[in-house]
Amino acid sequence: MQLAGQRGNLVGMGTIFTQMVEAEGTRSLYLGLAPALTRSVVYGGLRLGLYEPCKHVCSYAFGSTNFAFKFASGVIAGGLATALTNPMEVLKVRLQMSKSSTSTIGEMRKVLAHEGFKALWKGVGPAMARAGCLTASQMATYDEAKQALMKWTPLEEGFQLHLISSCIAGTAGTLVTAPVDMIKTRLMLQRESKGCGDRGCEITL
């Protein structure tokens with residue numbers, strides 16, 4: 001996100017944290033909280049809630065729930081959940097980068113007035129790809145890791161098994177989605193210029 005404003009020396013997490021608290025107060029750390037919470041409730045529920053039904057459909061239709069079908073179920077569940085909640089993600093990113101204090105409704109009105117309804121689904125393609133890859137890699141890897149650990153180690157059903165399986169799944173999910181996440185964030189920060197000349201409209205960051 002630092003590259004969205006001006007190109008220069010990049011700073012680390014600790015420096016940004018200190019600068020934000022000193023210049024803008026602790027409230028700045030929670031910019032975009034309202035759309036983030038709204039998205040988490042809807043997106044999280046849909047993403048995880050749709051995975052098992054999709055897996056059962058594959059089992060019923062194809063008589064199998066191997067890794068490929070689990071992966072496909074995760075892609076479908078994550079993609080659908082993101083398609084429905086993308087506006088909240090766009091508003092969250094815009095509020096986090098906004099230089100003026102505004103509410104979620106105010107930011108949405110500004111986006112609609114200057115960029116149109118379509119802007120709320122900006123970056124939805126990469127976002128769906130990311131969510132699909134995330135859900136697929138996490139859920140499928142979690143299931144497979146859990147089964148492998150129960151088969152090849154002394155671990156039994158319980159906290160340790162779930163913890164190790166979750167760590168493996170989380171690592172896989174991050175490695176798979178990191179490139180798509182970067183593209184998605186850059187697209188959501190784009191603002192279309194209204195001044196269209198002979199050369200066409202420019203997309204600026």
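Lys55 is buried, with a relative accessible area of 13%. In this predicted model, Lys55 pairs with Glu52 in a salt bridge whose closest N and O atoms are 3.4 Å apart. The structure holds nine salt bridges, and three of these pairings are described below.

- Glu52 is partly exposed, at a relative accessible area of 34%, whereas Lys55 counts as buried because its 13% falls under the 20% cut-off.

**Arg39 and Glu89, between two helices**
- A salt bridge joins Arg39 to Glu89, with 3.2 Å between the closest N and O atoms.
- This pair links distant parts of the chain: Arg39 lies in helix 3 (residues 33-62) and Glu89 in helix 4 (residues 67-97), 50 residues apart.
- Arg39 is classed as buried because its relative accessibility is 16%, under the limit of 20%.
- Glu89 has a relative accessible area of 7% and is therefore also classed as buried.
- Lys92 joins Arg39 and Glu89 in a network of salt bridges.

**Glu115 and Lys122**
- The side chains of Glu115 and Lys122 form a salt bridge, with an N to O distance of 3.3 Å.
- Both Glu115 and Lys122 are buried.

Terms used
Residues are numbered from 1 along each chain as its sequence is written. This is a predicted model: local features need pLDDT of at least 70, side-chain atom pairs count only at pLDDT 80 or more; totals for chains, interfaces and linings use all residues. Side-chain values use heavy atoms; hydrogens and water are left out. A salt bridge is a side-chain nitrogen of Lys or Arg within 4 Å of a carboxyl oxygen of Asp or Glu. Helices (H or I, at least four residues) and strands (E, at least two) are DSSP runs, numbered from the N terminus. Buried means under 20% relative accessible area, exposed over 50%, partly exposed in between (1.4 Å probe, protein chains only).
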